[in-house]
Structures are given as structure tokens and as C-alpha cells.
Amino acid sequence: MKDLTCRVLVVGGGPGGYVCAIRAGQLGLDTVLVERAELGGTCLNVGCIPSKALIHTAEQFHAATDTASETGLSIGKATVDMGRNVAWRRSIVDRLNRGVAGLLKKAKVRVITGEVRFLDGKTVEVTDGSSSYRINADDVVIATGSEPVSLPDVPFGGPVLSSTEALSLTDVPDRLVVVGGGYIGLELGTAFAKLGAKVTVVEAGDRLLPQYDPALTKPVADRLKSLSVTVHTGTTVVSVSTTGGAVTLQLRTPDGTERTLEAEKALVTIGRRPNAGSAGLSDLGLDMAGPAIAIDDRCRTSMRGVYAIGDVTGEPMLAHRAMAQGAMVADLLAGKKRKWDVRAIPAICFTDPEIVQVGQTAEEAKRQGIEVKVSEFPLAANGRAMTRERTDGFVRVVTEKSTGVLLGIQAVGTEISELSAAFSIALEMGARAEDIAATIHAHPTQGEGFQEAALGVMGHALHI
Ligand code: FAD
Ligand code: NAD
């Protein structure tokens, strides 16, 4: 057993952990990062990056095979070699893995591969095959992420897939049941539908993507319908049986009746659970917020010198939140004055069309007693959307009525995710509707919808 000491120990090399370690290294802190698997965590290896690459492939394939296009474009029979596609996705992941390793090296962070077990708040044991270490640190950052939740009594395996297995399928299943119509279920479900699978979504709630308002999710539901995806809302899974590589699900529908669904694969995406109880973490006796580690506005846990960032601290489980927390904690450890004081954590669902939500909704603002003014600009009146054959969606701004200060922005549309930076900057800089309205937005772009929605708040939209 080798004994190591360091100023900062980061446990977990996902977007939260590796960003924290890079920043701590840049600030001259002696930093050790321990990761049991690949650098980049869920996001880089089995989450954000490979899923967006699959979505891209599915969009290309669907565009090539779409006979409904009025553009006059016609392409011969398109095929996709999923084995090659998985290898292509893996090559992107590998490139990014190497990039993260290089950045950590540049920042002089010591990286150890192995499984961490906490002995106390400041000491961990790491085992990696034949070698083992005991590491003692002044400050510890827990960035152990999250893992997929399975259905009760139905472990992942065989034809019952989590997102990780779904992302490594080398064949498109003929029939795919997606249990859980949230972020992952709809992003991946849509992709497999575009690649030719007959997809059925089973959602326990009374509508898809319940975290967004119904107007935002309606274009997504309409598109699923046009892709022949069947959606059962208000429906729960009673039992799952697997035989000969296929899967049979017994469902309970909203009227209490039961029905059977058969498929080659079932993708279970009913949420993710913080990795807060394993690795000796539960023995530390940290205060919890449900299944997550409780933190304050500086990501401090209830134990002095022990911080937690990213998915292990609960929702919103987003890579960019984890990274921002990681960078903040490193600054704090270097003695800088920082606290979590953000007006907007953008949330994007990479469905078709995409949904973006930044800041407050009108309902959230009203609940705080704020009088709001809301304006929506439909993409049906946007030239760029027309040239891209997709006019479904809108941009909506929510402002404080008395001042015109932007409180929140929501949008749904094809590739509307690219506007999230403009939305976030506007909110963080405390822009008013008149600031957005007076900014020249390039033509023809979907961004003009943002300007028009701001003009709408002021009562004089130009193009509607
Ligand atoms: P993780 O990325 O989970 O990293 C934690 C790391 O800790 C892991 O590498 C793990 O191996 C390591 N670890 C855990 N325990 C130990 C231990 N005992 N010893 C050593 N190492 C340990 N978010 C977005 O913002 N945008 C998206 O488009 C998006 N798409 C997603 C798609 C999918 C299919 C999935 C599953 C997730 C997606 N997410 C997305 C969520 C995003 O991946 C997570 O929010 C993000 O990875 C959280 O970062 P993290 O650093 O907190 O944890
Ligand atoms: P989710 O919370 O987004 O969706 C889970 C869905 O499953 C919900 O709609 C819920 O009502 C439903 N559900 C729960 N139990 C069920 C049951 N027994 N039967 C049927 N439906 C059930 O969770 P997810 O899609 O697994 O994603 C996990 C996390 O990963 C999310 O919280 C998100 O933050 C993150 N993520 C983000 C992105 C992104 O930013 N684009 C993409 C993927 C994942």
C-alpha cells in the first residue's frame, strides 16, 4: 500500500470532477484525481457525447429516407452500418478521453485509476488490480456522479437495456419499448424510430417530459406521432418477462385495464440515482437531501473540507452544471470568494424538435408574486425555419412587467439548442426586452425569433 498526500483530492473523473481538478491544478493546488473507469464520466463515455452522435446519425438517415420532403430531393436506398456507427462514436469518445487526460497533465494533476473507498472524510483507499494507495487530502471533492435506475425486480441485462447498452447496440431492434418518457427515453427513442425501429413509449405521468410545460412539449409529441411512435401515458409496467432474447411487458393503462406489449428490446429510462451511498460514502454520515448529498451555495457538505458536485448532489443532473460547480469549488479551495449565484442553468432536451429552457417560466415567476409579461414568436413566421422545412415551434420570453427585465426564455424548434447561449447571456447580464429588441439579429436565422419575441413584449413585433 502506497501512502500519498495532497492538497485536493477529487473522486470521480466526470465533467464535474475533471473540470474541478483541471482548475485546481491551474491555480497551483497539488491535486489528485481518482477515476475507476474512463476519464470523462457518464457524459463523455455513455451519455451526452455518444447520444448526440447517435441522434446526428439518425437525423441524417431519416432525412435521406424521408419521402415526404417537398424540396424535390430524392436519394436512393439509404443504409446504416450500426457496427461502424458505434465504432465512429467510440472514436469521438476516445479522442475526447485523450483530450481530458492531456488537459489534466498540463494542469499537473496526478491521475490515479482505481476504485475509491472512503475510510474517513479526508482519507481514501484506492485499489487498482495489483496496486493500492491510501490517500490523505486537506480537502476532498466528491464527484461520483449517478447511475441508471432499474424497474423494481427487473435488473438490467439481456433485452432489458439502460442507456449505456442502448448506445452500444450494433443492430436496430425491430420493436423497441421505451419505459420512461423523459430526457433519455425521448432522445434515444426518437433516434431509434428514425433509424427504423417501431418504438413504443410507456410513461407513468399523464404526459411526456413533465418537467416542461405542455406548449413546449406538444411539438415533440406531434413529431413522435409523425414518426409513428406509439405513446402510452398514465401507464405503468406491472411485470417484465424475458424469453429467447425478447421481452414481454405487462402494462396497466389509465383505466385500470392490463395489456401486453412485446418487443426485441426494452429501454428503461426512468431516472438516474446519485452515487451517494456506495464507496463508503454512507459511513461518512453526511447530511442528505433525499438520495443526494446535501450541499450549500458553495457546494460544501455537512463535513468541513468535504465538497460535493455534479449528479451526486441531485437534480438538475446536467453536465454543464457539474462543470460549473467543479470550477467554483476549485476557486474556493484556492481562496477566491465565490458562491453559487447563477440566474440560469440552461436545460436542453435534444428531442425533435429540441426544447430549451433558461431561467424562470411565467408560472414560477407568478408563484413568487412577480407580475409578468409574456410574448411568443412562432417559427411558422420565421424565414430560416421555412427554408429548413421545419416551422414547428416558437421562442417565448418572460419578462417582469414593470421593468421589462427578462426572467426566463423557453423555446422549441429544430436545432434551437444553439440559441441557448444567447438566452443564458441575456439572462445573466440582466437584459431587458428592449436590449434584445435593439440588438441587430442576423437574417435569416432562427435567432430573429428571439428578437421578435422581445419586440412582442414591447407591443410591436414586426413580422407577425
Ligand atoms: P459522472 O459523469 O457520472 O462521473 C462520475 C465519475 O465518477 C464516473 O466516471 C465514475 O466512474 C466515477 N466514480 C464513481 N464512483 C467512484 C469510485 N468509488 N471510485 C472512483 N471513481 C468513481 N447532460 C447534459 O448536460 N446534456 C446532455 O445532452 C446529456 N445527455 C445525457 C445522455 C445520457 C444517455 C445520459 C445517461 C446522461 C446525459 N446527461 C446529459 C447527463 C450527464 O451525463 C451528467 O449530468 C454528467 O455526466 C454528470 O457529471 P458528474 O461529473 O457529476 O458525474
Ligand atoms: P427523467 O427524469 O428525464 O425521465 C424519467 C421519466 O420516466 C419521467 O417522465 C417519469 O415520469 C418516468 N417514469 C418514472 N418511473 C416510471 C415507471 N415506473 N414507468 C414509466 N415511466 C416512469 O430521467 P432520464 O430520462 O432517465 O434521465 C436522467 C437524467 O439524465 C435527467 O434527470 C437529466 O437531467 C439527465 N439527462 C439530461 C439530458 C440533457 O440535458 N439533454 C439528456 C439525457 C439525460
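Predicted model: local features only at pLDDT ≥ 70, side-chain atom pairs only at ≥ 80, totals over all residues.
I would like to begin at Q410, which lies in strand 24, residues 406-413, where helices (H or I, at least four residues) and strands (E, at least two) are DSSP runs numbered from the N terminus. Residues are numbered from 1 along each chain as its sequence is written, chains are lettered from A and ligands numbered from 1 in the order in which they are written, and side-chain values use heavy atoms, with hydrogens and water left out.

Is Q410 buried or exposed? Q410 counts as buried, because its relative accessibility is 0%; here buried means under 20% relative accessible area, exposed over 50%, and partly exposed in between, with a 1.4 Å probe and protein chains only. The side chain of Q410 reaches the backbone oxygen of Q360 at 3.1 Å, which is a polar contact in the sense of a pair of N or O atoms within 3.5 Å; within protein, one must be able to donate a hydrogen and the other to accept it, and residues adjacent in sequence count only if both atoms are side-chain atoms. If we set aside neighbours within four places in sequence, the residues in contact with Q410 include L216, V356, Q357, Q360 and F394, contact meaning heavy atoms within 4.5 Å.

Beyond four places in sequence, V199 touches L176, V178, G189, F192, A193, S228, V229 and T230. As a sense of scale, the C-alpha atoms of V199 and L455, which are 256 residues apart along the chain, are separated by 41 Å.

Let me now step back to the whole protein, which has 13 helices and 24 strands. Its radius of gyration is 24 Å, close to the 23 Å that the globule rule gives for 464 residues, so the protein is as compact as a globular protein of that length; the radius is taken over C-alpha atoms, and the rule is 2.2 Å times the number of residues to the power 0.38. The C-alpha trace spans about 70 × 65 × 45 Å along its principal axes, and buried residues make up 51% of the 464. Among contacts between residues at least 6 apart in sequence, 63% join residues at least 24 apart.

Turning to the ligands, which residues come nearest to ligand 1? Of the 34 residues around it, those are E35, T42, K52, D311 and A319, a residue being near a molecule or strand if one of its heavy atoms lies within 4 Å of it. A backbone N or O atom of A319 lies 2.9 Å from an oxygen atom of ligand 1, and a nitrogen atom of ligand 1 is 3.2 Å from a polar backbone atom of R36. Taken alone, ligand 1 exposes 990 Å², and the protein buries 93% of that, accessible areas coming from the Shrake-Rupley method with a 1.4 Å probe and, for residues, only the protein chains shown counting as cover. Helix 2 gives the most to this shell, with 4 residues, and by class the shell divides into 13 nonpolar, 15 polar and 6 charged residues; Ala, Val, Leu, Ile, Met, Phe, Trp, Tyr, Cys and Pro count as nonpolar, Asp, Glu, Lys and Arg as charged, and the others, Gly among them, as polar.

Ligand 2 is surrounded by 22 residues, the closest being I184, E187, E203, M317 and I348. A polar backbone atom of I184 is 2.8 Å from an oxygen atom of ligand 2, and a backbone N or O atom of I348 lies 2.8 Å from a nitrogen atom of the ligand. The protein covers 80% of the 840 Å² of accessible area that ligand 2 has on its own. Helix 6, residues 183-194, supplies the largest share of this shell, 3 residues, and the shell has 12 nonpolar, 6 polar and 4 charged residues.
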